Amino acid sequence: ASIFCSRVEAVAMAAPMVQVNLLDVEATEALGAALAHEVRRGDVIFLRGELGSGKTSLARGFLRRYFGNRLLDVPSPSYLLHFEYQCRGAAPA
């Protein structure tokens, strides 16, 4: 999977691309979890890749770490137009 990371204000410009080759699902989820510690309000992460390239595994690792819920159900981002997760203690936007 190709992972594109940029700040919202930089989306219109050429965003930097980082390509990472990972050995297995566990490594992909671990990368997602590591990214969850690095994001800040306004960050945008785009995932692009063929079916089976690891987008769901990366999203699963990211969202489970971000929300602190190891059992969080994370659907495939390939088929979603919009999906909202509620933070504990946060008011809906």
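## Surface patch

Val18, Val20 and Leu22 together form a nonpolar patch on the surface, with about 200 Å² of accessible area. Patch members have over 30% relative accessible area and no salt bridge, nonpolar side chains being joined within 5 Å; areas follow the Shrake-Rupley method with a 1.4 Å probe. A salt bridge places a side-chain nitrogen of Lys or Arg within 4 Å of a carboxyl oxygen of Asp or Glu. Val18 belongs to strand β2 (residues 17–19), strands being DSSP runs (E) of at least two residues and helices runs (H or I) of at least four.

## Basis of the model

The model is predicted: local features need pLDDT of at least 70 and side-chain atom pairs pLDDT 80 or more, while totals for chains, interfaces and linings use all residues. Numbering starts from 1 along each chain, and side-chain values use heavy atoms, without hydrogens or water.

## Nonpolar core

The largest nonpolar core has nine residues: Leu35, Ala36, Leu58, Ala59, Phe62, Leu63, Phe67, Leu72 and Val74. Such a core joins buried Ala, Val, Leu, Ile, Met, Phe, Trp, Tyr and Cys residues through side-chain atoms within 4.5 Å; buried means under 20% relative accessible area, exposed over 50%, and partly exposed in between (1.4 Å probe, protein chains only).

## Aromatic cluster

Ring pairs link Phe62, Tyr66 and Phe67 into a cluster. Rings of Phe, Tyr and Trp (its six-membered ring) pair if their centres lie within 6.5 Å, with planes under 30 degrees apart stacked, over 60 edge-to-face and the rest tilted. Phe62 is buried at 16% relative accessible area, whereas Tyr66 is partly exposed at 43%.

Note on methods. Patches are made of residues with over 30% relative accessible area and no salt bridge: like charges are joined within 9 Å, nonpolar side chains (Val, Leu, Ile, Met, Phe, Trp, Tyr) within 5 Å.
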